[in-house]
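Good morning, and thank you for coming. Please look at the structure on the screen, and I shall then take you through some of its features.

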Amino acid sequence: MRRELTRRTFLGGSAVAGTGLLLAACGAATTAPAGDAPAAADAPQEEKTTEAPAAAEQKTVNYLHYTTTQAVWDESFGSLFDTFRAQNPDVDLKVDPVTGGFGVLIDKAVASFAGGIVFDVYYGHFSYISQFATAEMIQSLEPFLSADPEVSKDDYHVWATERIQGQVYSIAWFTNGKEVWYNADLYAEAGLKTPKEHEAEGTWTWDTALEGAKKLTKVEGNNVTQWGFFTPSYSFGWHWIHLMAWGATWWNDDFSAPAMLTQEFAEGTQFAADLVTKHRVMRSRSAPSEDDVAPDFNTELLAARTWGSYGTRTIQEQIMSQDEPFTVEMEMLPNGPAGRQVVQSINANWISSSSAHPDSAWDFYKFWLSQEGQSFIVPLGGGRYVANKNFEGFTVYDYEDPAVYAHAAEISVEQRQVVQQSDVNSAWAENWAALEQQTKTVQEVQEEMQQVAENALREGGCLC
């Protein structure tokens, strides 16, 4: 069962009751001795005095935060920060917000660390952990987990953690699965079964998804006026969808080598590229035609797309705010020849290796992971997949299907990366563009990616 919030409760900002983790006491007040021992019985008794409790030492936690500057973002995190402060009066939480892209945050974090400016906790995202790990800016959570009687490493899904040399360095406060989100009205107008109907019948496959996308793509002359499908295969982290559906992967099981030269890899990648080049149901990212419409789901120029629950922010702001919003539905990823799996992309903060107050930093860190802390993430599209195995996920809106989240969580796997992942990511983006432009074959891309990945793994090792 998943925890469901009513729209009234959610929009009203009511707190979500839950079994939040108890915060460890830090800097508890002490009482001074009451004075000398009592005098002899025949001596006059001195009045005993008790000193006032000594004030607890206040410890500072400096947090380097990222903000999108969206109202819902700042309000949600503001409430999380204020609640932590109220529950931890002995901790002076100082939040330093950064905007303008992750690159700005990375530059500030690296420069601050090198210059001796201490942050205790960094806002983290799976896409740049390698840069922080390489600079030895973050520390393992293993000592905190071992010493804390209220939590255990076993409480958390493997796919919600990041590890270096077998040790847990982070636990996700926000996890993104992968689902298909679609405009049910466009399917009805085209006389097509929806993904949900196909799923119920056991026929929701990439072949049926493609057939639907062909019929939902509209062309006038040589110009596309409505697109049938979109998935960001140009992203290394999203192309997992097609690889796993065809039984392929980027790396072998023990992470000793890349696994990109298989027939399954070729077939899954070719199917994805054909969506752009052969079937023209998905717009080219690298060389889009100026005469084709942009594939905008919000304005009904795109029928279906792969997305994560973070998309609910956009759906609420740009679709449900319309006078007559169209019908949004969600379903599992389609099945491929080898089935399907969901690769979780995560946001997971890191405790700095230079933290002046690591125990207080850990208190702050695990508050995010508590049931109460997770409730503040719900308006951002988080909390649908939760890191802690003992907690229920949240759903909010009528168009969300808790059964889809639950099923996706059951087949979720971790995002596997190497330390030099940015090199591999860049190489894949370039090679995907070559596939779209048909300047390279899939075999050529496989061979080049295998070489790049071998070099990255050999030189930096894996985050595993």
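Let me begin with a definition: a charge sits over a ring if NZ of Lys or CZ of Arg is within 6 Å of the ring centre and within 35 degrees of the ring normal. K178 meets this definition, lying over the face of W238 at 4.8 Å from the ring centre. R285 likewise lies over the face of Y234, at 3.8 Å from the ring centre.

Some remarks on the source are in order. This is a predicted model, in which local features need pLDDT of at least 70 and side-chain atom pairs count only at pLDDT 80 or more, while totals for chains, interfaces and linings use all residues. Residues are numbered from 1 along each chain as its sequence is written, and side-chain values use heavy atoms, with hydrogens and water left out.

Now to the overall picture. The protein has 16 helices and 19 strands; these are DSSP runs, numbered from the N terminus, with helices (H or I) of at least four residues and strands (E) of at least two. Of its 464 residues, 51% count as buried. Here, buried means under 20% relative accessible area, exposed means over 50%, and partly exposed lies in between, using a 1.4 Å probe and protein chains only. Contact means heavy atoms within 4.5 Å. Among contacts in the protein with a separation of 6 or more, 76% come from residues 24 or more positions apart.

How many aromatic pairs does a search of the whole structure find? The number is 42. Rings of Phe, Tyr and Trp (its six-membered ring) pair if their centres lie within 6.5 Å; planes under 30 degrees apart count as stacked, over 60 as edge-to-face and the rest as tilted. One of the pairs is Y63 with F81: the ring centres are 5.9 Å apart and the planes stand at 70°, so this pair is edge-to-face. It links distant parts of the chain, since Y63 belongs to strand β2 (residues 59-66) and F81 to helix α2 (residues 71-87), 18 residues apart. Both Y63 and F81 are buried. W173 and F174 also form an edge-to-face pair, because their ring centres are 5.8 Å apart and their planes are at 85°. W173 is buried at 2% relative accessible area, and F174 is buried at 4%.

Let us turn to a pair of helices. Helix α15 (residues 421-437) and helix α16 (residues 442-460) pack at about 170°, with their axes 10 Å apart. Axes are lines fitted to C-alpha atoms, for helices over the stretch in contact, and angles run from 0 to 180 degrees between N-to-C directions. The angle therefore makes α15 roughly antiparallel to α16; the term covers angles over 145 degrees, while those under 35 are roughly parallel, 65 to 115 roughly perpendicular and the rest oblique. Residues of α15 including W428 and L435 meet residues of α16 including M449 and V452.

What is the phi of Q438, which lies in the loop between α15 and α16? Q438 has a positive phi of about 60°, although it is not a glycine. Q438 is exposed, with a relative accessible area of 60%.

Finally, the structure holds one disulfide, defined as a pair of cysteine sulfur atoms within 2.5 Å. C462 and C464 form this disulfide, with their sulfur atoms 1.7 Å apart. C464 is partly exposed, at 30% relative accessible area.
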